[in-house]
Amino acid sequence: DGVSSSQYKEAQKKLGTTPDLRRARLRRLLQSQKMVKIIEAHNGLTGLIVENTEVKKDDQPVQFDGMWMSSLTDSTSRGKPDIEVVTTSARVKTLEDILEVTTKPIIYDGDSGGLAEHFVFTVKTLERLGVSAIIIEDKIGLKKNSLFGKSGGQTQDTIENFSNKISAGKKAQVTSEFMVIARIESLILEQGEEDALKRARAYVKAGADGILIHSKSKEFTEVKSFCEKFRSEDVDTPIFVVPSTYNHVTEHELADTGINVVIYANHLLRSAYPAMVKVAEQILKDKSSINTNDECMPIKEIITLIPSGE
């Protein structure tokens with residue numbers, strides 16, 4: 001009480017950060033804010049956008065609270081399919097590019113987490129770098145984006161196997177701040193709400209620090225129902241959502257349902273691609289770039305966009 005979060009964030013940005021300070025910030029945000037706002041970043045430049053973008057809402061400054069290191073946008077920005085073809089080592093390089101120029105907490109998209117034996121090394125690497133959390137989904141086999149649902153030939157892991165993976169990751173971490181979040185695919189794969197609730201209970205018991213309930217429905221109904229029932233028996237475990245398909249639902253409505261973290265999972269990449277294609281097509285049509293001036297930042301602004309570090 002009495003502390004301005006925006007002033008704190010600005011002071012933190014000027015001072016810089018360390019892995020230990022950054023890693024702990026997500027838990028602090030969850031304790032101090034009703035809703036934590038996360039948006040994807042897939043390189044250093046998008047990291048700077050998340051770090052610095054601010055608007056005024058009701059005369060109050062509003063910022064994103066942290067970054068989502070998405071496997072989809074990282075893969076797509078490299079021109080690769082989102083099937084875990086980009087190695088963890090390559091993704092860590094992207095992560096380091098973002099870490100170098102930002103201070104806000106980062107949540108890492110761990111896909112399925114791989115084998116439990118591999119997952120423990122991923123946890124140790126991310127924790128050492130200062131990442132706040134990893135989210136892993138309870139699917140097995142070749143990774144396909146969840147929006148394909150059952151048509152993607154995806155299979156859900158057993159509760160026992162996935163719980164063992166969560167437990168292995170939690171035992172491997174060194175600090176108390178790092179979080180392992182379990183992403184439940186039951187609604188995506190049409191296994192029903194009861195299966196999702198059963199898995200949520202088991203994953204929390206296995207040590208998960210939060211639950212991400214995923215859905216490809218355009219309506220909020222099934223996610224809302226799950227959250228209300230889960231909250232009736234567990235008031236503490238953070239709930240994460242990715243409202244890509246039901247994006248008409250506001251953060252206020254999400255918070256009122258007991259949701260703690262909203263992740264805007266791919267919007268910076270999705271907005272950048274059409275803008276770049278438009279400029280490329282215009283240059284081809286005109287055989288010059290004169291008519292792209294309004295679509296592009298001035299060169300002087302590009303030069304001064306990146307902090308010099310002085």
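1. Helices (H or I, at least four residues) and strands (E, at least two) are DSSP runs, numbered from the N terminus, and leucine 30 has its place in one of these, helix H2 (residues 19-32). This is a predicted model in which local features need pLDDT of at least 70 and side-chain atom pairs count only at pLDDT 80 or more, while totals for chains, interfaces and linings use all residues. Residues are numbered from 1 along each chain as its sequence is written, and side-chain values use heavy atoms, with hydrogens and water left out.

2. Leucine 30 has a relative accessible area of 18% and is therefore buried, a term that stands for under 20% relative accessible area, with exposed for over 50% and partly exposed in between (1.4 Å probe, protein chains only). When residues up to four places away in sequence are not counted, leucine 30 touches Val36, Met179, Pro238, Asn260 and Val261, where contact means heavy atoms within 4.5 Å. Leucine 30 and valine 261 are 231 residues apart along the chain, and their C-alpha atoms are separated by 8.1 Å.

3. Threonine 73, in helix H4 (residues 71-77), is likewise buried, with a relative accessible area of 0%. Its side chain is joined to that of glutamate 40 by a polar contact of 3.2 Å, that is, a pair of N or O atoms within 3.5 Å, of which, within protein, one must be able to donate a hydrogen and the other to accept it, and residues adjacent in sequence count only if both atoms are side-chain atoms. Leaving aside neighbours within four places in sequence, threonine 73 is in contact with Glu40, His42, Ala265, Asn266 and Leu269.

4. Eight strands, in the order S1-S4-S5-S6-S9-S10-S11-S12, close into a barrel with parallel pairing; two strands pair if DSSP finds at least two bridges between them. Within this barrel, strand S10 (residues 210-213) pairs with strand S11 (residues 239-241) in the parallel sense over two bridges, and leucine 212 stands opposite phenylalanine 240 in S11.

5. Rolling a probe the size of a water molecule over the atoms shows where empty space is left. A pocket here is an open set of points on a 1 Å grid over the protein atoms alone, with protein on both sides within 12 Å along at least five of seven lines, and lining residues have an atom within 4 Å of a point. Of the 23 residues that line the largest pocket, Leu45, Ile49, Ala272, Met276 and Met297 are the closest to its centre. Helix H3 (44-52), helix H11 (267-286) and helix H12 (299-305) are the elements that give two or more residues to this lining, and H11 gives the most, with nine residues.

Definitions and conventions. 1 Å grid on protein atoms, 1.4 Å probe; cavity = no way out; pocket = protein on both sides within 12 Å on 5 of 7 lines; lining within 4 Å.
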